[in-house]
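Student: I've just opened this one and would like to know what lies behind the labels. Could we go through them one by one?
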Protein chains: 2
Amino acid sequence: MQDPTRVDDVVLSDFEVLKVLRSDENLKLIAVQARRRRKSELNDDAVDSQDAVVVLEKKPFTEESAVAFTSDLNTQLTTIMRNDIYGLFDGISTDKASIVNAIKVTTIYPATVDHIRKWSDQPFFMVRETAQDYKQITEPYILRNKLSLEWVYAVLSGKAEAERIVCNDQDTENGFVLAPSLRWDGVNKEQLDLTAIVRRSDVKSIRDLRADHLPLLYNLWKKCTATIKTKYGAEANELRAYFHYQPTYYHLHVHFTYLKEWNAGTAAGRAHLFMDVVQNLQTDGNYYAKRTMYFTLRRDDPLLTLLGDSHQLECF
Amino acid sequence: MQDPTRVDDVVLSDFEVLKVLRSDENLKLIAVQARRRRKSELNDDAVDSQDAVVVLEKKPFTEESAVAFTSDLNTQLTTIMRNDIYGLFDGISTDKASIVNAIKVTTIYPATVDHIRKWSDQPFFMVRETAQDYKQITEPYILRNKLSLEWVYAVLSGKAEAERIVCNDQDTENGFVLAPSLRWDGVNKEQLDLTAIVRRSDVKSIRDLRADHLPLLYNLWKKCTATIKTKYGAEANELRAYFHYQPTYYHLHVHFTYLKEWNAGTAAGRAHLFMDVVQNLQTDGNYYAKRTMYFTLRRDDPLLTLLGDSHQLECF
């Protein structure tokens, strides 16, 4: 049986932390780049000194762990602040087996430069894209560097993920497929996360939407919300339905997530409410042809270099 | 000297957990309603059995705690999954003094019904508010139930928080004050969080904004971003500048936060990018007088009952 403290043949403590790649104070997560210590320190004549990515994330509380922590007589509290009815403390469970102390550890070893980049914290910047910028800079860039959409076509044609599809409208103009996102278990309503992918392949993102796409949007909304209600018991007003701009891939799709969930992808500056998009097109069919769009990009996004430096955020 | 394990005169373990009020898996936070155990169990003839709110939140990693955790020979890993270069484990620090195990404990004791409600998890619902709904339902409700804005006027007049203000434009038409939000330490740029409050008191929210408020918005943007750059070293394109609709209080204010930060208040359905609002007013000075607005409300918000039940989300 494998020693549970070993990462392949290497003990976690054999790795020396080189650098913090990313630290998220909200999520209580830290990712570090680490390197195996030299052989001489280990009395071990094994592998080369290769890099690893080690991700530590504090685990969520359960009711059980909260009860165990508060009721344990040995829980140690250190007072930080006391004021009237309010108290603030640092607490430490001294119970060795305490589930409240569990930490999720993810290791990637050996890790390539790409793994390290993926886990590295990248600053974000707000970018301004006028309609002219889109035509002259963004659209040519997208068409030049379009990621393969083979997987999208495989889903639409039924060659892949057919068993995952929960609503399938075959209409070539207004049709779409709806399927749970891979990160959702398809069960827990509170983490509900589905994606609808339209069948027509000539709309890359909301930038390409015009008034004549409204029937597609109406059809998609009605059938998707009806399916989600029947299959998962969530009403339309319990959902956040939105597009991303910029999207991850350039084939029009809509995210349906449970309203209580929020993350970097639901933030203003990336997420556009489905209903706002519909209303904008109702008001002006060429809204997205004319609009200046503001969105956030990672520093390592080539589009930032193309759009970012030559533009001030101000539109006045 | 006070015993650090005591909450007022009561040991934390004297409290029995009655109910989970809120559990946030993203933030690794749990809030419970607790009640002091009965006297007979305690050999203590003190206080009545009153409710408490106890909030537990896992603390963020520091580089120091991550290094200590990974390099400790006694850290126990349990394998959850192993596949090629990827490993997933549960880790437990067996070091009693481990800073990686520290938990932030907040207590409110005795807690009133309002404290318990404030910490209770409430489902959210997406609400549709037409321009007519605003005139007939929302605005009368706001005016009837307006929270006291005394604290706003105290800030604007310099009677309160004068030392906190970092930019003060006295102009009665286009002036404002800019100050760090109370939850921000005013130092760490990555958590930057400031609020600009306009001087004129006749604009309750973005709903009341018209074309003739554009000079106010231009002035506020220019001076706030210049101040934030000089004082905190953050450029305008590192910021998320936004309004809330609905806002927490009905006197126009703008949030400036660091772009990397996101939370329930930055999500589409509540946050409106400053630049989008400016552009909407430039395109149509009566945009917010006519627009149907979509936003999220907690189930216990009286406005939800007024607006919610009689409206379908659809606008088609």
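Student: What makes E3(B) and E4(B) a pair of strands?

Tutor: Eight bridges join E3(B) to E4(B), and the two run antiparallel. Two strands pair if DSSP finds at least two bridges between them, so eight bridges qualify E3(B) and E4(B) as a pair. For one spot to look at, find B:Phe15, which stands opposite B:Arg36 in E4(B). Bear in mind that this is a predicted model, where local features need pLDDT of at least 70 and side-chain atom pairs count only at pLDDT 80 or more, while totals for chains, interfaces and linings use all residues. Residues are numbered from 1 along each chain as its sequence is written, chains are lettered from A and ligands numbered from 1 in the order in which they are written, and side-chain values use heavy atoms, leaving out hydrogens and water.

Student: And what holds paired strands together in general?

Tutor: Strands of a sheet pair through backbone hydrogen bonds, either parallel or antiparallel.

Student: Which strands make up the sheet that holds E3(B)?

Tutor: Six strands, in the order E6(A)-E7(A)-E8(B)-E5(B)-E4(B)-E3(B), form an open sheet with antiparallel pairing. Helices (H or I, at least four residues) and strands (E, at least two) are DSSP runs, numbered from the N terminus.

Student: Which strands are called edge strands there, and why?

Tutor: Those are E6 (76–83) of chain A and E3 of chain B, as each pairs on one side only. Between neighbouring strands of this sheet the turn is 25 degrees on average, direction ignored.

Student: What packs on this sheet?

Tutor: H2(A) does, touching E7 of chain A as well as E3, E4, E5 and E8 of chain B. Touching is a matter of contact, meaning heavy atoms within 4.5 Å. The direction of H2(A) makes about 110 degrees with that of E5(B); axes are lines fitted to C-alpha atoms, for helices over the stretch in contact, and angles run from 0 to 180 degrees between N-to-C directions.

Student: How do you know that the buried residues of H2(A) line one face?

Tutor: In H2 (residues 63–71) of chain A, the buried ones are A:Ser65, A:Ala66, A:Phe69 and A:Thr70. Seen down the axis of H2(A), they fall within an arc of 125 degrees, so they line one face of the helix. That arc is taken from the directions from the helix axis to the C-beta atoms. Buried itself means under 20% relative accessible area, with exposed over 50% and partly exposed in between (1.4 Å probe, protein chains only). Among what covers these residues of H2(A) are E7 (86–92) of chain A and E3 (15–24), E4 (29–36), E5 (51–58) and E8 (103–108) of chain B.

Student: What is the strand order in the sheet that starts with E3(A)?

Tutor: That open sheet has six strands in the order E3(A)-E4(A)-E5(A)-E8(A)-E7(B)-E6(B), with antiparallel pairing. E3 of chain A and E6 (76–83) of chain B are the edge strands, each pairing on one side only. From one strand to the next the twist averages 25 degrees. H2(B) packs on this sheet, its direction making about 110 degrees with that of E5(A).

Student: What makes E5(A) and E8(A) partners?

Tutor: Six bridges join the antiparallel strands E5(A) and E8(A). In E8(A), A:Val105 is the bridge partner of A:Leu56.

Student: Which strands pair with E12(B)?

Tutor: Five bridges join E11 (residues 176–180) of chain B to E12(B), with B:Phe176 opposite B:Val198. Five bridges also join E12(B) to E14 (residues 253–258) of chain B, where B:Thr257 is the bridge partner of B:Asp193.
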